[in-house]
Amino acid sequence: MTTAMSHDSPLSEADRFLLDQVRAGDQRAWAQLVERYEGRLTAFARARLRQQADAEDLVQETFLSFLRGLRAYRADASLETYLFTILRRKIIDVFRGRDVAVCSLSELAAAGRNDGSTFPLTPELPGSQPAGSWYVRREEDRSLDAAALAGAIKAIVDDAKHAPRFRDLQLMDMLFYAQLRNKDIAQRLEMTEQQVALFKHRWLKRVREKVELAISAGGRSSGDHDNDPPDTLLTAVWETHRFTCPKRSTIGAYLLGTLDPDWNGYIAFHLDPLGCRFCGANLADLETQAAQAEAQTFRQRIFESTVGFLKSR
């Protein structure tokens, strides 16, 4: 049975090769890239927009923006996440100032921390200019700090995956992706607020220790990082790297019902009620593909069962 999960690695070998070809001006490579990602991007937009035409327009604009800014893409996030981020910002522009329905834990939390909009604002990808003691002025150091933090989180998340400890994965999702309050998490997981707070304290301590080791190993001072990273930074890094997001193939196995029960339960939580819109878009795209394949199979069966009569005539 399938249990494969991984964080959203910066670039797969297939995407790296495809991207190199696109940068060289290969039109067939560009067509392949569009074909690979159009379905999940459209599903992502369609979940937020009422009109299919509006969703398609934003997806088209997303690919155009990607091409125009291709030189700025540094592979800090995967190609899929980068495209999702461009599209998400365009959707935010559409909904800015409007009241949008809250339908997931992540959106519920975002409704309480954004400036009047219930649609969660997109964090900047690494390289943007945040604030606080976790950030330094020089671009090189800022990128190294982001990489150290991402590496520390990945190591802890991977440890929970491989154990596996599904309660820990749920806690991390709700604390650092959705930014839910300890009280709300405790109620959902039938824990005490103290237990949730202790988990967060220990988790942040492990992250801080791993970051300090990584920075020291690079010959830099870790003195600026002797405190905890801000929750907003953790959420931004989480969405950039999508540490707990399952692979697309794992979502496919979930759709087919071939996952182990415990993994199936966690993926179900990740999709709903957590409401990871990235994975939800992948699921919707896979469901559409499965429906199309089933329809094609049925048409083929009709043809094969009737073509003999055509020949006999």
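Which side chain meets that of Glu-239 in a salt bridge? The partner of Glu-239 is Arg-88, at 2.4 Å from N to O; a salt bridge here is a side-chain nitrogen of Lys or Arg within 4 Å of a carboxyl oxygen of Asp or Glu.

## Basis of the model

The model is predicted, so local features need pLDDT of at least 70 and side-chain atom pairs count only at pLDDT 80 or more, whereas totals for chains, interfaces and linings use all residues. Residues are numbered from 1 along each chain as its sequence is written, and side-chain values use heavy atoms, with hydrogens and water left out.

## Overall architecture

The chain comprises 13 helices and 0 strands; helices (H or I, at least four residues) and strands (E, at least two) are DSSP runs, numbered from the N terminus. Of its 313 residues, 45% count as buried, a term that denotes under 20% relative accessible area, with exposed meaning over 50% and partly exposed in between (1.4 Å probe, protein chains only).

The accessible surface amounts to about 16600 Å², and 50% of that surface belongs to carbon and sulfur atoms; the areas come from the Shrake-Rupley method with a 1.4 Å probe, and for residues only the protein chains shown count as cover. Among contacts (heavy atoms within 4.5 Å) with a separation of 6 or more, 71% are between residues 24 or more positions apart.

## Nonpolar core

The largest nonpolar core contains 79 residues. Such a core is a set of buried Ala, Val, Leu, Ile, Met, Phe, Trp, Tyr and Cys residues joined through side-chain atoms within 4.5 Å. The residues with the most contacts inside it are Leu-33, Phe-66, Ile-153, Met-172, Trp-203 and Trp-238. Leaving aside residues up to four places away in sequence, Trp-203 touches Ile-153, Ile-156, Met-172, Phe-176, Leu-234 and Trp-238.

Helix α10 spans residues 231–241 and is mostly covered, with 9 of its 11 residues buried. Among them are Leu-234, Trp-238 and Glu-239.

Arg-242 follows α10 and has a positive phi, near 50 degrees. Arg-242 also forms a salt bridge with Glu-80, with the closest N and O atoms 2.6 Å apart. Because Arg-242 lies in the loop between α10 and α11 and Glu-80 lies in helix α4, the pair ties together parts that are 162 residues apart in sequence. Arg-242 and Glu-80 are both buried. Helix α4 (residues 79–95) also holds Ile-91, which is buried at a relative accessible area of 0%.

## Further salt bridges

The whole structure contains 10 salt bridges. One of them joins Asp-285 and Arg-248 at 2.7 Å, N to O. Asp-285 is in helix α13 (residues 277–312) and Arg-248 in helix α11, so the pair ties together parts that are 37 residues apart in sequence. Asp-285 counts as buried at 7% relative accessibility, whereas Arg-248 is partly exposed at 22%. Salt bridges that share partners join Arg-40, Glu-80 and Arg-242 into one network.

## Cysteines

The structure holds 0 disulfides, a disulfide being a pair of cysteine sulfur atoms within 2.5 Å. For Cys-245, the closest cysteine sulfur is that of Cys-279 at 3.6 Å, which is too far for a bond. Cys-245 is buried at 6% relative accessibility, and Cys-279 is buried with a relative accessible area of 0%.
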